[in-house]
Amino acid sequence: ESTRSPKKVTITESEEDSLKTTEDEESVNSIETNHDLLNNSEPFRPAIHIPENLYHNIKLKLTSLSNRDKILQIKLARYQKKHENLNMFIILVSTILGVYETFRVKIDDIIETQFLDVGTNLVPIVLSGIITCTASIIKLKKYQEKSDNIHLIREKVSVARSNLKTVQEHLLFCKNPDELRQIKKIYFKTSFDSYCQAQSYLDKHVKEIDYHKYGDQINYSEKF
């Protein structure tokens, strides 16, 4: 009886490379936080040593900036709407007061009773008080100042996101470790500093309670 010997499976170098590439892609795709990035790296070895890891690390930063920027957009829209509504209310009441003052002389000629005369004199006082009170509320709430600050912060965030995306574009054309080192220098020299600055500004204006207030209104997305 002839016994068949088991066939040896040979893997070519191209197939081996493709398997390694697939494993690398799976490990990179599983990165959701910087903690995952550290867990996937070897002990006492830099977590970011290949372009893919740095690319995904920057993606995490872009996601953070984007989500917090969306909260700022909602807050800015609310401030502007309140400010606009109060200003329109002042304009409306001021118009009514102006029209009333125009016809007041004729009303005084028509109305002769003392009770109605007091009423006609009281109306301008009430309307002027409403205008003053509304203007004081606008000044107290500082809607315009808050809106200007948010515009300034959003500019900082926009610059930080632009710098980070520039580094990502450089990573797409990275060919060797030397180029990666140069890209890292660019990253730490400009992009990371602008990112930290943007986050420090966001920390002052985006509070924990804002996530509970506006979380349902935000369309969280990982694509940019």
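Analyst: A surface patch is made of residues with over 30% relative accessible area and no salt bridge, and nonpolar side chains are joined within 5 Å. The model discussed here is predicted. In this model, Phe89, Leu122, Ile125, Val126 and Ile130 form a nonpolar patch on the surface, with about 430 Å² of accessible area together.

User: Which helix gives the largest share of the nonpolar patch?

Analyst: Helix 4, which spans residues 114-141, supplies the largest share, namely four residues. Valine 126 has its place in helix 4.

User: Why is valine 126 called partly exposed?

Analyst: Its relative accessibility is 44%. Buried means under 20% and exposed means over 50%, with partly exposed in between. Valine 126 therefore counts as partly exposed.

User: What makes aspartate 69 count as buried or exposed?

Analyst: Aspartate 69 is found in helix 3. Its relative accessibility is 5%, and the limit for a buried residue is under 20%; aspartate 69 therefore counts as buried. Leaving aside neighbours within four places in sequence, aspartate 69 is in contact with Arg154, Val157 and Arg161.

User: Why is valine 93 called buried?

Analyst: Valine 93, also found in helix 3, has a relative accessible area of 6%. Since buried means under 20%, valine 93 is buried. Apart from neighbours within four places in sequence, valine 93 is in contact with Leu127, Ile130 and Ile131. The C-alpha atoms of valine 93 and serine 128 are separated by 8.4 Å, although these residues are 35 residues apart along the chain.

User: What makes a set of residues a nonpolar core, and which residues have the most contacts inside the largest one?

Analyst: The residues must be buried and nonpolar, and joined through side-chain atoms within 4.5 Å. The largest such core has 28 residues, and those with the most contacts inside it are Leu54, Ile58, Leu65, Leu164, Leu171 and Leu202. Helix 3 (51-110), helix 5 and helix 6 (177-205) are the elements that give two or more residues to this core. Helix 3 gives the most, with nine residues. Isoleucine 58 touches Leu164, Val167, Gln168, Leu171 and Tyr187, not counting residues up to four places away in sequence. A second, separate core of six residues includes Ile90, Val93, Leu97 and Ile131.

User: How many helices and strands are there in the chain, and what share of its contacts joins residues 24 or more positions apart?

Analyst: The chain has seven helices and zero strands. Among contacts with a separation of 6 or more, 78% are between residues 24 or more positions apart. Buried residues make up 28% of the 224 residues. The accessible surface comes to about 16,200 Å², and 56% of this belongs to carbon and sulfur atoms.

Notes
Residues numbered from 1 in each chain as written. Predicted model: local features only at pLDDT ≥ 70, side-chain atom pairs only at ≥ 80, totals over all residues. Heavy atoms only, no water. Patch = residues over 30% accessible without salt bridge, like charges linked within 9 Å, V, L, I, M, F, W, Y side chains within 5 Å. Areas by Shrake-Rupley, 256 points an atom, 1.4 Å probe, with all protein chains shown as cover. Salt bridge = Lys/Arg side-chain N within 4 Å of Asp/Glu carboxyl O. Buried < 20%, exposed > 50% of the residue type's maximum accessible area, 1.4 Å probe, protein only. Contact = heavy atoms within 4.5 Å.
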